[in-house]
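Subject: Structure handover

Hello,

Here is the structure I promised you. Please open it alongside this email; my notes follow below.

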Amino acid sequence: KETEEVFKVKKSSYSKKIVKQLKKEYKEDLEKSRVRTEVNSPTDVEAPLEKAGQNKDIGQEDGTANSEHGEEEMEVESEKEEEKPKAGGAFSSALSSLNVLRPGEIPDAAFIHAARKKRQMARELGDFTPVDSEPGKSRLVREDENDASDDEDDDEKRRIVFTVKEKSQRQKIAEEIGIEGSDDEALVAGEQDEELSRWEQEQIRKGINIPQVQPSQPAEVNNVYYQNTYQTLSYGSSYGIPYTYTAYGSSETKSQKTDNTVPFKTPSNEMTPVTIDLVKKQLKDRLDSMKEMHKANRQQYEKHQQSQEDSTKAIERLEGSSGGIGERYKFLQEMRGYVQDLLECFSEKVPLINELESAMHQLYKQRASRLVQRRQDDIKDESSEFSSHSNKALMAPNLDSFGRDRVIYQEQVKRRTAEREARRARRRQAREQTGKMADHLEGLSSDDEETSTDITNFNLERDRILKESSKVFEDVLESFYSIDCIKSQFEAWRSKYFASYKDAYIGLCLPKLFNPLIRLQLLTWTPLEGKCRDFETMLWFESLLFYGCEEQEQVKDDADISLLPTIVERVVLPKLTVISENIWDPFSTTQTSRMVAIVQKLIDGYPSVVNAENKNTQMLLKALLLRMRRTLDDDVFMPLYPKNILENKNSGPYLFFQRQFWSSVKLLGNFLQWYGILSNKTLQELSIDGLLNRYILMAFQNSEYGEDSIKKAQSVIGCFPKQWFTNLTGDKTISQLENFCRYLVHLADKIYRNSIGCSDVDKRNAREHIKQIIKLLASIRALDHAITVANDHNVKEFKILIEGK
């Protein structure tokens, strides 16, 4: 039993390595057998046997089952060969073919039997020469494991052949055939175990059925071969297993084999006796185990139940919310389509609106330009009529002083004069009917009357433009041009989905979206006309007034709050800019008053828009200044006549001079109406430097010194804003009025000189005129000049005059 267990362990651990080693030894023995055959010496017949054993071990490398099957077949073939009669022909043919076995060829059963006989004969004759005769070295010969348990278990037989070669020889062979040396090193380590070596040699001898060599035989080759292996201890004494060897082919082989076989005994079952307590304990343990498993499964079940409930709730929640998302998606898709259609509609209609707006502006501009041009022609005609005739002799007889054809010019002058006088007569008649004739001065009225032809043409063109404007959206649904319909669409978006409404910046887009529609409604809006409607009473303003105010609490930074101010900035201010630049006439007091009123209203009502930092406001103010400068340069004319001509107050030159003077004073008053809107510096530059000192003072110097001059001075000072002088400190007025103050001082002196030698009534009148001049100087804060006049003319009521200013 111990031998069998050791044998199994050794077989399993060394089988693969030994197969490789046996391959090497087979090649070596084959080569040596060929050499012996050539020199007629005994051949090592164990090589074929080992070759056969190696071939069986090759099967072991492929798999354990194939190896065992191959070994059993080899054992059966060996036994059959031994039982066959030894035929001379077969043996001799097999013996003769020993020399012709090629390397790598697998020998058949006859070849193996012949090799065994030849080897046995060589040993009996004493001619056997070991392959390696060096002392201390041995080789393991692979043998088949032959289980000797009993005849009934032949299938369990095993045959293993162990072969040990010298280390040096194996290394040489391994180098020649290219096998790694790791297996050799393992075998060398195995050779160091002496007992293992003895056991392997005994198994080899048992496998080939060689008779036991007596220790009393003379020292022969066999003794040399086995001397290192068997001289110390016999197999039976080492392992305590009775075993004897018999000659090959004896009749007692099978019986000895059967008798000497060590049977394997089945180990007894030493299990603990089964008792009721043991069964109860096992059942209890099994029950506890099942309870634990049931508890774990219960927890897992509860976990799955909770997960299922959570999933059901999530599904219900998502299904409930999906309806709102679907409606939101549908609404936003509809709004997207609506906005795209609206933009496409506007892309087609906005150019038409721009053309209509430009046509209307051009119509008003032509009318304003025609009136301005008529006024300029009237001034040129009157100036040419009352100018000196000294230059006419130098001109050609058919040309006037301006180089124009005299005949044609005379005809045009006559026509314009007749029209001008007819207009003046109608205005005079209207003043007489209203009772304002006494207070009227020539030049203060605005000559803006039009002929019936001009009015008719203007109205026809205006009606045509309005008719075209009504056809702009006639092929469009109301939802795409009505401000109320468009507003309702975006109000619905704002009320339902304010977050997306805000993210889309609709509040910033609405002013631009409503811009074309509002400009179409403001097509005929002109604040210079008396019948013009206030834009805050229009439908678009009332419709958008409360947009975005349906919530109780306003959202911070809501752009819809500034919807109307933004529309005023982007629509109303640009329109006023065009009107100021092309339509407004600064000479017209009525137009100027209306223009100032609308601008002041925007400043008061929309302070966040109409301020100096706003771009559109800056453009409006710039247009106003340019228009006033152009009027100052092109329309103001002050004639200069000798005093003898002006003495006749009914003459044409005198009336023309007076008309131009008062028109300049009226323009001064129109300029100064912009106080509080334009800066003081700009107004003083336009009104005082550009108009008073340049034109009006020139007229004062040519005027008669007396009551008429004082009246004119009072009219000029009455145009000045009082706020200019309230904050002044000291006795001096603003620097731009110094020339005017000097003229007043000079006027007082001139009145005083003219009164010398006159009657007391004239002197008293002259003194009253001087006191009025002192009051005028005090009213403009020119106290230094007032004191000078009072001291020069011995006016003692100075303080009373100043306080009563």
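At what angle do helix H19 and helix H21 pack, and how far apart are their axes? First, a caution: this is a predicted model. Now the answer. H19 covers residues 563–582 and H21 covers residues 615–634. The angle is about 10°, and the axes lie 8 Å apart. An angle under 35 degrees counts as roughly parallel, and H19 and H21 are therefore roughly parallel to each other.

On the H19 side, the contact uses Glu 569, Arg 570, Leu 573, Leu 576, Thr 577, Ser 580 and Glu 581. H21 meets them with Asn 616, Thr 617, Met 619, Leu 620, Ala 623, Leu 624, Arg 627 and Arg 630. Sorted by class, the H19 and H21 contact holds 6 nonpolar, 4 polar and 5 charged residues.

**The chain overall**

The chain has 30 helices and 0 strands. It runs to 805 residues, and 42% of them count as buried. Take the contacts between residues at least 6 apart in sequence: 75% of these join residues at least 24 apart.

**H27 and H28**

H27 spans 738–755, and H28 spans residues 760–779. These two helices pack at about 170°, with axes 9 Å apart. The cut-off for roughly antiparallel is over 145 degrees, so H27 is roughly antiparallel to H28.

H27 brings Cys 741, Leu 744, Val 745, Leu 747, Ala 748, Ile 751, Tyr 752 and Ser 755 to the contact. H28 answers with Asp 762, Lys 763, Ala 766, His 769, Ile 770, Ile 773, Leu 776 and Leu 777. The class count for H27 with H28 is 12 nonpolar, 2 polar and 2 charged residues.

**H25 and H28**

H28 also meets helix H25, residues 707–719. Their axes come within 11 Å and cross at roughly 15°. That makes H25 roughly parallel to H28. The crossing is left-handed.

From H25, the contact takes Glu 707, Ile 710, Ala 713, Gln 714 and Ile 717. From H28, it takes His 769, Gln 772, Ile 773, Leu 776 and Ser 779. The H25 and H28 contact residues divide into 5 nonpolar, 4 polar and 1 charged.

**More on H25**

Which residues of H25 are buried? They are Ser 709, Ile 710, Lys 712, Ala 713, Val 716, Ile 717 and Cys 719. These buried residues pack against H23 (652–672), H24 (680–702), H27 and H28.

Most residues other than glycine have a negative phi. Two residues are worth a look here.

Tyr 505 has a phi near 55°, a positive value in a residue other than glycine. Tyr 505 is in the loop between H16 (498–503) and H17 (506–521). Its relative accessible area is 54%, and over 50% counts as exposed, so Tyr 505 is exposed.

Arg 781 has a positive phi too, near 65°. Arg 781 sits in the loop between H28 and H29 (783–792). At 23% relative accessibility, Arg 781 counts as partly exposed.

Best wishes

Technical notes:
Residues numbered from 1 in each chain as written. Predicted model: local features only at pLDDT ≥ 70, side-chain atom pairs only at ≥ 80, totals over all residues. Heavy atoms only, no water. Axes fitted to C-alpha atoms, helices over the stretch in contact; angles between N-to-C directions. Helix = DSSP H or I, 4+ residues; strand = E, 2+ residues; numbered from the N terminus. Parallel < 35°, antiparallel > 145°, perpendicular 65-115°, else oblique. Left-handed = near helix turned anticlockwise from the far one by under 90°. Contact = heavy atoms within 4.5 Å. Nonpolar A, V, L, I, M, F, W, Y, C, P; charged D, E, K, R; others polar. Buried < 20%, exposed > 50% of the residue type's maximum accessible area, 1.4 Å probe, protein only.
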